[in-house]
Amino acid sequence: MTKKFYASIEEEISELKKERKAVILAHNYQVGEIQDIADFTGDSLGLALQARKTDAEVILFSGVHFMAETASILCPDKKVIVPDLAAGCSLADMIRPQDIRDWKAAHPEGVVVCYVNTSAVVKAESDYCCTSANAEKVVASIPAEKEILFVPDFFLGTYVKERTGRKNMELWRGYCPTHVEIQASQINKLKIEHPDAEFLMHPECGCLTKSMHLADRILSTEGMVHYAKESKAREFIVATEVGILHRLRRDNPEKLFIPASAHAVCSYMKMNTLEKIVASLENLAYEVRVPAEIAERARRPIERMVAVV
Ligand code: CIZ
């Protein structure tokens, strides 16, 4: 068999994509060169919506494992593949299905809201799912008398609790190790160095309560993308995983984006590479398929999530 030669790896991916009738979905935290070859780049909510409406036969999900699971649950007739099966999520690993069953046993009338950063088995035990883009709206839609357990991100839960004024909401104490890297002291320093910059903060940040009074906006990554385009400001301090800077800079070449911490790098998100995407399309691997019984139960909270945009 003769091996075809391509002028670039990007061209090879483009050819393979056509052969495989594949679409490439990339999360906002992926490295820049992956964002540049993707058909769609976005947050979990936007990518789940893209997955649902694609007519491609194969969805290559360049993100982390729980995102591919969500796509597989929403599109059971499609083949969902990931470039590296080891690309997981430390935050998602901080809650287990048994934790939710235990809470429900103690609170039979209560409901569980899980952040999208959870495994399918945890979603299957939950009543509602949300992303950082719609967490406040999802919680606000739940009848006031219902007790809520919000899992697994403590900081996003704290923010939602404050925004909704909800008292009967218990928070799981999970956190994203990457967002915990972002320190209030760094933000204070950057605010002094760039007095005209707007400060955009992600609600997963560990310094949320210490720094939220300085934030011009507390937003999901997709919220940051929209806000930065609309804002008249020329400079922005951005507190989230650094992958988002590529998209912000690409969309707004005349504006300056400063990371709140250059160390806010998710090593799982950075496991995916262009070379692994080539191998993934060639071999149609690694497939992510959620067992039917789990998918069936996880679909309801996920459908509730995509209904609140
Ligand atoms: O919703 C997502 O994809 C995550 C994990 C963060 C964000 O704000 O995009």
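Me: A polar contact is a pair of N or O atoms within 3.5 Å; within protein, one must be able to donate a hydrogen and the other to accept it, and residues adjacent in sequence count only if both atoms are side-chain atoms. Which residue's backbone oxygen does the side chain of threonine 41 reach?

Reply: This is a predicted model, where local features need pLDDT of at least 70, side-chain atom pairs count only at pLDDT 80 or more, and totals for chains, interfaces and linings use all residues. Residues are numbered from 1 along each chain as its sequence is written, and side-chain values use heavy atoms, without hydrogens and water. At a distance of 3.5 Å, the side chain of threonine 41 meets the backbone oxygen of glutamine 35.

Me: Is threonine 41 buried or exposed?

Reply: Buried means under 20% relative accessible area, exposed over 50%, partly exposed in between (1.4 Å probe, protein chains only). Because its relative accessibility is 16%, threonine 41 counts as buried.

Me: How much of the ligand's accessible area does the protein cover?

Reply: Serine 44 places a polar side-chain atom 2.6 Å from a ligand oxygen. Of the 270 Å² that the ligand has on its own (Shrake-Rupley method, 1.4 Å probe), the protein covers 99%.
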